[in-house]
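Q: I would like to learn how to read strands and pockets in a model. Can we go through one together?

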Amino acid sequence: MSTLLEMLGCRYPLLHDLGMKGLHLLLALPHAIRAAGEGVDGLVVSGSESGGLRSMGSESSTMVLVPLVADHVKIPVVAAGGIADRRGYRAALALGAQGVQIGTRFIASEEAPAPQVWKEAILACGDGGTTMVPLNMKMRVIPNKKLVDLAADPTVDLSQEYNLMNAPKGWMSGDFDLFPAGAGQAASLIREIKPVKAIIDEMVS
Ligand SMILES: Cc1cc2nc3c(=O)[nH]c(=O)nc-3n(C[C@H](O)[C@H](O)[C@H](O)COP(=O)(O)O)c2cc1C
């Protein structure tokens, strides 16, 4: 019988046969334990402050989930979520990660193909400036007026108003009424659009 990971197309023995390594992204401890048992080479542990798609259930933050997973597995752990500068990077290593995965900080880089309006939405995002849009999964976004108005109306079903499939189009065109700007909580730490090299140099300095 196929394992869950095989059904999802993630056959780690096959990757290994091809001379490749596979890291499994997860949002909760049980999935980390399961993936480690399936023979993955490493885990990307994504805390609740991350940008991107999230689960519909309750989730732990990077500060809690990374050491929790690190305590339960013997394979490399990559921390994702809330890391935007040297402090976050060092904290991730101190929590037991061997590396980090960065999303939001790189959107607000000079090289990112994101439109200027998306980068500026990240720069303008303050403390508590992101929210989760509950669709068939949750997506962390920076709310604009349309989303704020819709969310304030208890008769509105947001999953009827936004289609996840429109997220790339909305983001890359800067049409945040089509889909609100994606970003993690780390947006509030980002004050400048910088080259990727400058971001990484500062992070590992
Ligand atoms: C706008 C946006 C879109 C994302 N899309 C994906 C995706 O398609 N697949 C994926 O595995 N992770 C996706 N992520 C998650 C990132 O790969 C990364 O794990 C996450 O952004 C880390 O949190 P941070 O944004 O706080 O750095 C996305 C993140 C953002 C901000």
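Q: Which residue in E4 stands opposite Leu43?
A: Strands are DSSP runs (E, at least two residues), as helices are (H or I, at least four), numbered from the N terminus. Two strands pair if DSSP finds at least two bridges between them. Here Leu43 faces Val77 in E4. Four bridges join E2 (residues 42-46) to E4 (residues 77-80), and the two run parallel. This is a predicted model: local features need pLDDT of at least 70, side-chain atom pairs count only at pLDDT 80 or more, and totals for chains, interfaces and linings use all residues. Residues are numbered from 1 along each chain as its sequence is written, and side-chain values use heavy atoms, with hydrogens and water left out.

Q: What is the strand order in the open sheet of four strands?
A: The order is E1-E2-E4-E5, with parallel pairing. E1 (23-26) and E5 (99-101) each have a single partner strand, so one side of each lacks a neighbour in the sheet.

Q: Which strands does helix H4 touch?
A: Contact means heavy atoms within 4.5 Å. H4 (residues 62-72) packs on the sheet and touches E1, E2 and E4.

Q: What is the volume of the largest pocket?
A: Rolling a probe the size of a water molecule over the atoms shows where empty space is left. In this model the volume is about 360 Å³ (the space filled by probe spheres set on grid points, joined across faces, edges and corners). A pocket is an open set of points on a 1 Å grid over the protein atoms alone, where a 1.4 Å probe fits, with protein on both sides within 12 Å along at least five of seven lines; lining residues have an atom within 4 Å of a point. Of the 24 lining residues, the closest to the centre are Ser50, Gly51, Gly52, Gly103 and Thr104.

Conventions:
Axes fitted to C-alpha atoms, helices over the stretch in contact; angles between N-to-C directions.
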